[in-house]
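Reader: Please pick one part of this model and look at it closely. Then set it in its surroundings.

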Amino acid sequence: MHLRANGRTGSEGGAIAMGGEDCAVGREGGEMGCAVCGTGREVCEDCGEACKAGRASDLLLLGGGGHCLSVLEAIYGGAYRRVAIVDLPARAGTAVHGVPVVGCDADLQELRREFGSAFVSLGSVGNWRRREELFRRAAAFGYAFLPIVHPKANVSRYAALSEGVFVGMGAQVNADCAVGLMCIVNTGSVLDHECTLSPFVHIAPGAALCGHVTVGLGSHVGAGSVVRQNIAIGENVLIGVGSVVTRDIPDNVVAYGNPCRVIRGKEWS
Ligand SMILES: CC(C)(COP(=O)(O)OP(=O)(O)OC[C@H]1O[C@@H](n2cnc3c(N)ncnc32)[C@H](O)[C@@H]1OP(=O)(O)O)[C@@H](O)C(=O)NCCC(=O)NCCS
């Protein structure tokens, strides 16, 4: 999927561009936003077309733990007609803040009859492969994966968000950023101009990426970290909390501190 916002083209690779503040297409009433974003914010005409097709009116959240609470915060009052959760089998029949847990992973194929879109609400700290596995499994059953942006986050109209991206409360995504498939841009984090996140990256709460930073596949930038402009962080990297990253970081390492140093290797897991 590759949609435009205000005539601008999103970045490469399955991007959905956000913005188009003057477009009201796809709204279902005063309090409802476009179902593509599910956030209550108005979106571009292209999003409106997808919204009219009803692709995202029923949402299944995959994972009912802590990160799910942040995702629920972002969609309250949005356009989803029905929201439910799958979690561990033992949690079926319970609820998370009133949202029912309707089954477990094994029920994904059956639940596809009722839910058109899904979202991976399982979090990660370095262990990104479980999120990838859930995504691939559900995508194979035909669920749509759309970005979810908290209404109190700011996403530039010149930024592009790929499928399944989460942008949490108070996060900022500035111009010409490209956020890859299934990334988490968590609460209060900042991506300044021209940052590029590869798929399955997690920018943890309060972390700040100065301009033109790139982060490789599956990497985690720890809470409260600061990454200097023009830095490249490799694939499968775990940056510890509160780090100050002033040099490029190679693939497959755990690194932390001020200045941030490579501490040890990291398995591809
Ligand atoms: C980097 C990290 C993975 C290291 O975890 P770990 O291997 O279990 O390390 P430990 O907790 O055993 O700590 C080992 C030592 O490193 C130090 N250390 C750990 N993380 C550190 C960090 N980010 N900065 C500086 N020192 C750190 C510990 O204080 C400890 O020092 P000590 O031996 O002198 O007591 C972890 O501390 C971290 O920062 N995880 C990211 C958390 C995050 O971003 N959470 C957001 C969730 S949304």
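Author: Helices (H or I, at least four residues) and strands (E, at least two) are DSSP runs, numbered from the N terminus. Residue numbers start from 1 along each chain as its sequence is written. The model is predicted: local features need pLDDT of at least 70 and side-chain atom pairs pLDDT 80 or more, while totals for chains, interfaces and linings use all residues.

Start with N236. N236 sits in the loop between β24 (232–233) and β25 (238–239). Is N236 buried or exposed? N236 is buried, because 22 other C-beta atoms lie within 10 Å. The cut-offs are 20 or more for buried, 12 or fewer for exposed and in between for partly exposed, counting other C-beta atoms, placed from the backbone, within 10 Å.

Which residues surround N236? Set aside neighbours within four places in sequence. N236 is then in contact (C-beta atoms, placed from the backbone, within 7 Å) with L217, G218, S219, D251, N252, K266 and W268. H220 and N236 are 16 residues apart in sequence, and their C-alpha atoms are 7.6 Å apart in space.

Now widen the view to the sheet. Two strands pair if DSSP finds at least two bridges between them.

β27 (residues 253–256) and β28 (residues 261–265) run antiparallel and share four bridges. V254 has R264 of β28 as its bridge partner. A255 faces V262 in β28. The hairpin has four residues between its strands, and among them G257 has a positive phi near 105°. P259 lies in the loop between β27 and β28. The peptide bond from N258 to P259 is cis, with omega near 0°. Most residues other than glycine have a negative phi, and most peptide bonds are trans.

E194 is a residue other than glycine with a positive phi, near 60°. E194 lies in the loop between β17 (190–191) and β18. E194 is partly exposed, because 19 other C-beta atoms lie within 10 Å. H212 also has a positive phi near 60° and is not glycine. The H212 loop runs between β20 (208–209) and β21 (214–215). H212 counts as partly exposed, with 16 C-beta neighbours inside 10 Å.

T196 is buried, because 21 other C-beta atoms lie within 10 Å. Leaving out neighbours within four places in sequence, T196 is in contact with A178 and T214. A160 is 36 residues from T196 in sequence and 9.7 Å away in space, C-alpha to C-alpha. V185 has its own set of contacts. Not counting residues up to four places away in sequence, V185 touches F166, V167, G168, A171, V173, V179, L191 and I203.

Turn next to helix α2 (residues 66–75). H67, C68, V71, A74 and I75 are buried there. An α-helix has 3.6 residues a turn, so residues three or four places apart point the same way. The buried residues of α2 pack against β4 (58–62), β5 (82–86), β6 (95–96), β8 (117–120), β10 (148–149) and β13 (166–167). G77 follows α2 and has a positive phi, near 80°.

The other strands in that list, β4, β5, β6 and β8, belong to an open sheet of six strands. Its order is β6-β7-β5-β4-β8-β9, with mixed pairing. β6 and β9 (144–145) are the edges, and each pairs on one side only. β6 pairs with β7 (residues 99–103) in the antiparallel sense over two bridges. V96 stands opposite V99 there.

Finally, the whole chain. Its secondary structure comes to four helices and 28 strands. Of its 269 residues, 49% count as buried. Among contacts with a separation of 6 or more, 34% join residues 24 or more positions apart.

Conventions. Contact = placed C-beta atoms within 7 Å.
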